[in-house]
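User: I would like to learn how to read the features of a model like this one. Could you show me the structure and take me through it step by step?

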Amino acid sequence: MPFVHDLPLVHGRFPTTTDIVSLSDLPVWQPNSYRRILILAPHPDDETLAAGGVIAAAQSLPQPPQIRVIVATNGDGSRSTAVTQKRSPFSTETFRQMAVQRQQESLNALAELGVPAADVAFWGFPDGGLEPIWQRHWRSAAPYRSPTTGWEAAQQAVNSPVLPYTAVGLLQTLQDTLHRFQPDVIIMPHPLDAHPDHRALAHFTAWAAAQNRGNLDGFAPDLLAYPMWLQGTPWPKSVRLDRADERLPARFAVHEDTWVRHPLRQSLRGQKVAALNRYQTQIPTLGRLLHSSGQATQEIFHRRHNVTVPRFSASLPLPPDGRWKSLPFTMGWQRARLAYHTRPIMFTFAADRYNLWLGVQLPDQPPAGHTYSFVIRTANGRSLTERQLPAHTITMRTPYGTMGLARFPLTGGTGQALSLALKISLGDHLPLAQSAWLHLTIPGETT
Ligand SMILES: [Zn+2]
């Protein structure tokens, strides 16, 4: 399934071994110019390990940016933590209690850094389950079941809806967060991390950001990806962040100024250590990681650019070299009263001089009786032309559901301006929802 394999490349190319740079060459990054910082942590502790210094630095600014922290899983899959907490014999209750304890540890640590509990959300997704969900559990009919807690839905979510353990559910939560908070920087896991939960959350984030980014009026947050695990070795041990002459491992290293460092002065390190000490359950198993992270004189991030939506199968009648761009239709749909499984999850377009292709991604087969149509208005002189075409004139199965595509012939060529909307109706006539109109100028090439 090439579509899946395309996704780690969403941000660009893989690094090569010739691209290694030393940490001292990295440009310095500071949180000063941001207004809203979103921090995504796969597990309760990643937020502080990766960005505790960023949080502390941001809070010390005269006008601190708003900070939101999302912890995607409750860290409720760790048997080693259960062992060290002497919780045997294990039961689902063991791990459910551990989830509560680990949530509280994150809240305690973030309180040390000045982030109130109201600004922290726990999605309650399963520890160890993010990659299987990304790969195999897209639809609500087949949610993932946590082998440790027995949950199939985010029963222990806090400040977040209780959603089934599916990719569609997670993506929806993430998109809602991006829409509501509108971060101008997202601190996220690295898509090449050795830990599957970290990789999967990076892919989800790339997907959601690409949807919002587009090249139209979507907002475009900076994406800063932090590495945490390198083939089973915690990052701060594989690269000594307290040594400026250390080099990035080849696995992560790329040239150009795509990596940045956030230097930690003494006072910030002190605050970070105080926060790290609040993860009591993790000290027996990850004490050395916590310690080395507390000693680090900098935090390292991979700055990602050019998030694009991956192309689809070459067998479809699509522009041969066109690269699909996302359309920020999604936001209009959050308000529509659509049943969950009927909500479109992604919109894309591609164009050449003669054709405009529009795509809508649905979580499953188009529901019975529902018609998804694109409406296009073009103005020519004084007359306005409106055309409507069902989106599933061409459908394809993807690992994520169904993609409905429509192709409109263009008569105005490059530079033509048009307005488009997506309409959902029951049968041909009963309208259920319509997106806001989008105004688009046909680019020369959408590559
Ligand atoms: Zn983690």
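Predicted model: local features only at pLDDT ≥ 70, side-chain atom pairs only at ≥ 80, totals over all residues.

Analyst: Gladly! Residues are numbered from 1 along each chain as its sequence is written.

User: How many helices and strands are there in the protein chain?

Analyst: The protein chain has eleven helices and 19 strands. Helices (H or I, at least four residues) and strands (E, at least two) are DSSP runs, numbered from the N terminus.

User: What percentage of the 447 residues is made up of buried residues?

Analyst: Of the 447 residues in the protein chain, 46% are buried. A residue is buried if 20 or more other C-beta atoms lie within 10 Å of its own, exposed if 12 or fewer, and partly exposed in between, with C-beta atoms placed from the backbone.

User: How should I read two packed helices?

Analyst: Two packed helices are described by the angle between their axes and the distance between the axes. Axes are lines fitted to C-alpha atoms, for helices over the stretch in contact, and angles run from 0 to 180 degrees between N-to-C directions. Take helix 2 (residues 46–59) and helix 9 (residues 266–276): their axes come within 9 Å and cross at roughly 130 degrees. The two helices are therefore oblique to each other; angles under 35 degrees count as roughly parallel, over 145 as roughly antiparallel, 65 to 115 as roughly perpendicular and the rest as oblique. On the helix 2 side, Thr48, Gly52, Gly53, Ala56 and Ala57 make the contact, and they meet Leu268, Gln271, Lys272, Ala275 and Leu276 of helix 9. By class, the residues of this contact are five nonpolar, four polar and one charged. Here Ala, Val, Leu, Ile, Met, Phe, Trp, Tyr, Cys and Pro count as nonpolar, Asp, Glu, Lys and Arg as charged, and the others, Gly among them, as polar.

User: How do helix 9 and helix 10 cross?

Analyst: The axes of helix 9 and helix 10 (residues 283–295) come within 8 Å, crossing at roughly 165 degrees. Helix 9 and helix 10 are therefore roughly antiparallel to each other. Arg269, Lys272, Val273 and Leu276 of helix 9 make the contact with Leu290, Ser293 and Gly294 of helix 10. That contact has three nonpolar, two polar and two charged residues.

User: Now for a single helix. Which residues are buried in helix 4?

Analyst: First, the general idea: an α-helix has 3.6 residues a turn, so residues three or four places apart point the same way. In helix 4, the buried residues include Phe95, Met98, Ala99, Arg102 and Gln103. Their cover includes helix 2, strand 2 (66–73), helix 3, strand 3 (120–125) and helix 9. Helix 4 (residues 92–112) has 21 residues and reaches 31 Å from its first C-alpha to its last, close to the 30 Å expected at 1.5 Å a residue; the expected span is 1.5 Å times one less than the number of residues.

User: What does glutamine 103 touch?

Analyst: Not counting residues up to four places away in sequence, glutamine 103 touches Pro44, Asn74, Phe122 and Val158. Glutamine 103 counts as buried, with 22 C-beta neighbours inside 10 Å. Its C-alpha atom and that of tyrosine 279, 176 residues apart along the chain, are separated by 9.7 Å.

User: Is helix 6 largely enclosed or largely open?

Analyst: Eleven of the 15 residues of helix 6 (residues 167–181) are buried, so the helix is largely enclosed by the rest of the structure. Among them are Ala167, Leu170, Leu171 and Leu174.

User: How do I read a positive phi?

Analyst: Most residues other than glycine have a negative phi, and most peptide bonds are trans. Just after helix 6, glutamine 182 takes a positive phi of about 50 degrees. Glutamine 182 is partly exposed, with 14 other C-beta atoms within 10 Å. Asparagine 159 also has a positive phi, near 60 degrees, and lies in the loop between helix 5 (130–136) and helix 6.

How values were computed. Contact = placed C-beta atoms within 7 Å.
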